[in-house]
Amino acid sequence: MPRMTMIEAIRSAMDVAMGRDGTVVVFGEDVGYFGGVFRCTAGLQQKYGKSRCFDTPINESGIVGTAIGMAAYGLRPCVEVQFADYVYPAYDQIVSEAARIRYRSNGQFTCPIVIRMPTGGGIFGGQTHSQSPEALFTHVSGLKVVVPSSPRDAKGLLIAAIEDPDPVIFLEPKRLYNGPFDGHHDRPVTPWSKHPLGEVEDGHYAIPLGKAAVRRAGGDVTVLAYGTMVYVAEAAAQETGIDAEVIDLRTLLPLDLDAIVASVSKTGRCVVVHEATLTSGFGAELAALVQEHCFFNLEAPVRRITGWDTPYPHAQEWDYFPGPARVAEALRAAMEG
Amino acid sequence: MATDPHLSLHVPEPEVRPGGTPDFSKVPIPRAGSVDRPPVDVDPRDIRDLAYSIIRVLNREGEAVGPWAGSLTDEELREGLRHMMTLRAFDARMQMAQRQGKTSFYMQHMGEEAVSCAFRKALSPGDMNFPTYRQAGLLIAGGYPMVEMMNQIFSNSADPLKGRQLPIMYSAREHGFFSISGNLGTQFVQAVGWAMASAISNDTRIAAGWIGDGSTAESDFHAALVFASTYRAPVVLNIVNNQWAISTFQGIARGGSGTFAARGLGFGLPSLRVDGNDYLAVHAVARWATERARRNLGPTLIEYVTYRVGAHSTSDDPSAYRPKEESEAWPLGDPVIRLKNHLIGKGVWSEERHRQAEAEVMDEVIAAQKEAESHGTLHSGGKPSVRDMFEGVYAQMPPHLRRQRQQAGV
């Protein structure tokens, strides 16, 4: 099976979708001729022409607004916002428009668009290239939110997102583009070519939205993670010797509650991890759900390990990023009750 | 040293506030018929003056004059008059229904009827409007059933939108009417996207975007213009300048720009100003712009100069921010009366026929209202089910919503 980086897998997903469906169009800032600042769309314009893959003015509300109009027309736009940190000018279009068009028109109009954005930290991008705004979207009724953690998942989930009848926010952990990252920033990066999840099928396959994956089976404590934090959690389990079960949620909305309940009912303990800030983060929703559905199985409070409630710093990146040491500490605390 | 003056902020003010005497003498109104009609494939650089003038067809005597006259037959003009009269009667009844508690909210068109009614007649089946909340003439003149509009306004059991949307935020796909958001300006750029999609698909259909004078200040207005300009989208971009954005006069959004139409010049768009209270002029300019779009010549920006005679909405009282007499002083008159006088002058209409038509139109509106009220009004009779509230958020209801719906007992 071919090996791909997450960038190549994402590109392959768009290539496959555009090849199968003439209504799929791809656009965004620097996306056409240049192929995207992370190269995710490289070659698509040459292959499919300038009317199906093109550069846009620097105007995120314009990108999403026109995508909504195209979707109303009957196309399936898959647009790129260059960094998730740049999405806010488009937030009105996403929240007030894309998310609600099906509802408010009673299905006369729908919005099958995908908004791709690189998310998360780990590249010293400072405040404007590091944010994890997933909770701003999971809080909005009408959106689906996907965060893949590997090339294989990224391709299958992106194809499913493009084929989905509703708007999907597709957050790509940029620190995972070239290889898995476990939070040990001082160690060399393992490339995807040396990781089993870097094996990606060439053709069409979809991974259904709303299905989590067990990344590491275990019996002592459940770790709920997504994106980069999946690898951080695996490292913490490895290093503490605690038999943690690491669940990669993959899709935050719809959420695979069954997988969460099955695991926590078995382990009786739960740690929630994400890069985003704590307060009103998606971890709060996860903790609440675990409490509601697994209360009588719990032997310890649900703990959350997240980014601090500060703007994402530049110089202090590794003090901010919830690395394996902090997750390990939470695992030990969970085991002690 | 220390000779620079203290800085001060410039905040524009309208000429007159309540208590003052309305004075539009500084608003230049060109003579009807005085503005050239260029060919549709004109180089936009050659018609920059059209962004600063006002295209007018009906003169003070009610005659249709000049190069923009003649786009409609007598029969079409009588039909247009009836559409405007219907919209006015519809507004009157729904405004009253709101006062009677049959709905929560209403927005009327008084004074602006010509804009949406005449524009609609320049479109073809399959074209798509992305309207604001004050273009119901697109539905009335397009033959959309009034009873459906009222069902939506009353949020009753027959509401096509299941009670989810504010009154008058219609959606009518089959009638080329995109779902109204209520957010300002967002639809303008969506119209450009729809038009780009038509071009991408080598289709023949075109789009029309709508925005008010105040909302041109939104980023989405500028986003629409740059995308329309870059991709030469087959779209007509309509700015309805009714002078007032709730309490804010148009000068706040216009700033130092001469006119709203002039905003298009920097984007290289053909930018026209038209008398929005002149049914013939609106139609002629709309036809010019739609023909450009259809011939793949690209977008056109149009500013309709009109006046919002009524309140912004039923939640607004304009006497707090403008003189009551201001609408009387508005120099472009009333669109219904102007078209009526034109037809009478031509000998194809009469005062008596007009009175008769007024009565017929009101009968039709009242009959539609009776039928709509048989399905309920906001607080009495039939209503959408609570179950509908949970439906349609997604194509397929995700488990968390199903659980919440169960918790709600529906």
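**Burial and overall form of chain B**

I looked up burial in chain B and found that 50% of its 410 residues count as buried (20 or more other C-beta atoms within 10 Å of a residue's own, with C-beta atoms placed from the backbone). The model is predicted, with local features needing pLDDT of at least 70 and side-chain atom pairs pLDDT 80 or more, while totals for chains, interfaces and linings use all residues. Residues are numbered from 1 along each chain as its sequence is written, and chains are lettered from A in the order in which they are written.

I noted 13 helices and seven strands in chain B (DSSP runs numbered from the N terminus: helices are H or I of at least four residues, strands E of at least two).

**Contact between the chains**

I found that 36 residues of chain A and 35 residues of chain B form the contact (C-beta atoms, placed from the backbone, within 7 Å). On the chain B side, α5(B) gives the largest share, eleven residues.

**Strand β6 of chain A**

I then turned to β6(A), residues 168-173, which is largely enclosed by the rest of the structure because six of its six residues are buried. V168(A), F170(A) and E172(A) lie on one side, and I169(A), L171(A) and P173(A) on the other. In a regular strand, side chains alternate between the two faces of the sheet.

I recorded that β4(A), residues 114-119, runs parallel to β6(A) and is joined to it by six bridges (pairing requires at least two DSSP bridges). M117(A) has L171(A) as its bridge partner. β5(A), residues 144-146, also pairs with β6(A) in the parallel sense, over three bridges; there V146(A) partners F170(A).

Technical notes
Contact = placed C-beta atoms within 7 Å. Buried ≥ 20, exposed ≤ 12 C-beta atoms within 10 Å, placed from the backbone.
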